[in-house]
Amino acid sequence: MTDRPGVVVTGVSGRMGRMLVHEIEQDGRLALTGALERSGHDWIGRDLGTMLGGAETGVIVSDDADKAFAKAQAVIDFTAPAATVAFAEKAARAGAVHVIGTTGLSYDDLKTIAAAGRRAVIVRAGNMSLGVNLLTQVTRQIAQALGDEWDIEIVEAHHNRKADAPSGTALMLGEAAAEGRGVSLADVSDRGRDGMTGPRRRGDIGFHAIRGGDVVGEHEVIFATAGERIAVRHIASDRALFARGAVRAALWGQDKAPGEYDMLDVLGLKPGRGT
Ligand SMILES: NC(=O)C1=CN([C@@H]2O[C@H](COP(=O)(O)OP(=O)(O)OC[C@H]3O[C@@H](n4cnc5c(N)ncnc54)[C@H](O)[C@@H]3O)[C@@H](O)[C@H]2O)C=CC1
Ligand SMILES: O=C(O)C1=N[C@H](C(=O)O)C[C@H](O)C1
């Protein structure tokens, strides 16, 4: 027995799943009590430590979320939209803090997650790093200070296995810029131009996605007007920073009231809430 909060890692064989197992072990403040993979995956029924190429841990990889969540105080989830939506309901039922890193969530997915967040603590962010969350604030401030004669373009680069575009981070930055300008991102978003697009529409926020090799994650927000440009940029060179943020969020959420929170809450960067 341990008095550390128990945590389940979903998508444990994935790029982030593996990183999370390592980070939880290094950090030492959470106890890994469960590891999930999708039904039919090779690792189901096998010892997690062995699957990761080390010694046995006694944690057997499973596809039974209800059973795993019932024994845990936190779930850290970097998987895929359909899985995350199902986990949100199950984690809420089990009363576990659900830390969601999954991106590519649709409007309907977000509505379902928000409903689960009325019964349990959810921390969701398209990027769990301190640097990117600070960058959202800087982006909001710059957008607020400049008029719409400044064009805003967001460029992101990721590895060639990434499933969604624009990235969750690019959308966070776009939301921040739109908020700074006092407009709705849905009304001004212009994604991946191609063909005879005509001149740029004043006030639009453009998104561009580069996919190649093993790029961990790079984001740049460009503000361009006649005669000058401002560019703010974040480069992630190690996935460990996302895992560290997720562990921090799982611990932070333990004594919080039900609600949907983000990393600004966790990092204490959002005045007046949850800090
Ligand atoms: N918020 C953040 O800071 C970050 C978010 N991400 C996001 O996390 C997600 C995962 O990224 P990666 O680890 O690179 O992908 P990945 O493809 O390497 O891993 C995803 C894992 O989830 C598993 N999975 C899918 N459905 C499942 C289910 N129903 N039950 C259990 N496991 C299931 C897959 O089998 C796979 O092992 C993506 O949406 C990505 O954009 C990635 C890095 C940082
Ligand atoms: O899929 C990834 O790898 C990443 N996804 C997140 C996103 O969509 O922004 C965060 C990070 O950039 C890595």
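**View 1. The loop that holds Pro166.** Pro166 sits in the loop between β7 (151-158) and α7 (168-181). Helices (H or I, at least four residues) and strands (E, at least two) are DSSP runs, numbered from the N terminus. The peptide bond from Ala165 to Pro166 is cis, with omega near -10°. This is a predicted model, in which local features need pLDDT of at least 70, side-chain atom pairs count only at pLDDT 80 or more, and totals for chains, interfaces and linings use all residues. Residues are numbered from 1 along each chain as its sequence is written, while chains are lettered from A and ligands numbered from 1 in the order in which they are written.

**View 2. The shell around ligand 2.** Which residues are around ligand 2? They are Thr103, Gly126, Asn127, His158, Lys162, Ser167, Gly168, Thr169 and Gly217. A residue is near a molecule if its C-beta atom, placed from the backbone, lies within 6 Å of it. By class, this shell has eight polar residues, one charged and no nonpolar. Ala, Val, Leu, Ile, Met, Phe, Trp, Tyr, Cys and Pro count as nonpolar, Asp, Glu, Lys and Arg as charged, and the others, Gly among them, as polar.

**View 3. The shell around ligand 1.** Ligand 1 has 25 residues around it, of which Gly11, Gly14, Met16, Ala83 and Gly101 come nearest. The shell divides into 14 polar, eight nonpolar and three charged residues. Helix α1 (residues 15-27) supplies the largest share, three residues.

View 4. Arg38 lies in the loop between β2 and α2 (48-51). An unreviewed UniProt entry annotates Arg38 as "binding site". UniProt positions are given in the numbering used here, feature names are shortened, and annotations may be inferred rather than shown by experiment. Arg38 counts as partly exposed because it has 16 C-beta neighbours inside 10 Å. Buried means 20 or more other C-beta atoms within 10 Å of a residue's own, exposed 12 or fewer, and partly exposed in between, with C-beta atoms placed from the backbone. Leaving aside neighbours within four places in sequence, Arg38 is in contact with Asp63 and Ala83. Contact means C-beta atoms, placed from the backbone, within 7 Å.

**View 5. The open sheet and strand β1.** Seven strands form an open sheet in the order β3-β2-β1-β4-β5-β6-β12, with parallel pairing. Strands pair if DSSP finds at least two bridges between them. β3 (61-62) and β12 (259-261) stand at the edges, each with a single partner strand, so one side of each is left without a neighbour in the sheet. Strand β1 (residues 6-10) has four of its five residues buried. Four bridges join β1 to the parallel strand β2 (residues 31-36). Gly6 has Ala31 as its bridge partner in β2, and Val7 stands opposite Leu32.

View 6. The largest nonpolar core has 56 residues; Val7, Ala74, Val75, Val99, Ala246 and Ala250 have the most contacts inside it. Helix α9 (residues 240-252) gives this core its largest share, nine residues. A nonpolar core is a set of buried Ala, Val, Leu, Ile, Met, Phe, Trp, Tyr and Cys residues joined through C-beta atoms within 7 Å. Beyond four places in sequence, Ala246 is in contact with Leu20, Ile76, Val99, Gly101 and Met128. Apart from this core lies another, of 15 residues, including Val132, Ala143, Ile154 and Ala170.

Key:
Two residues are in contact if their C-beta atoms, placed from the backbone, lie within 7 Å.
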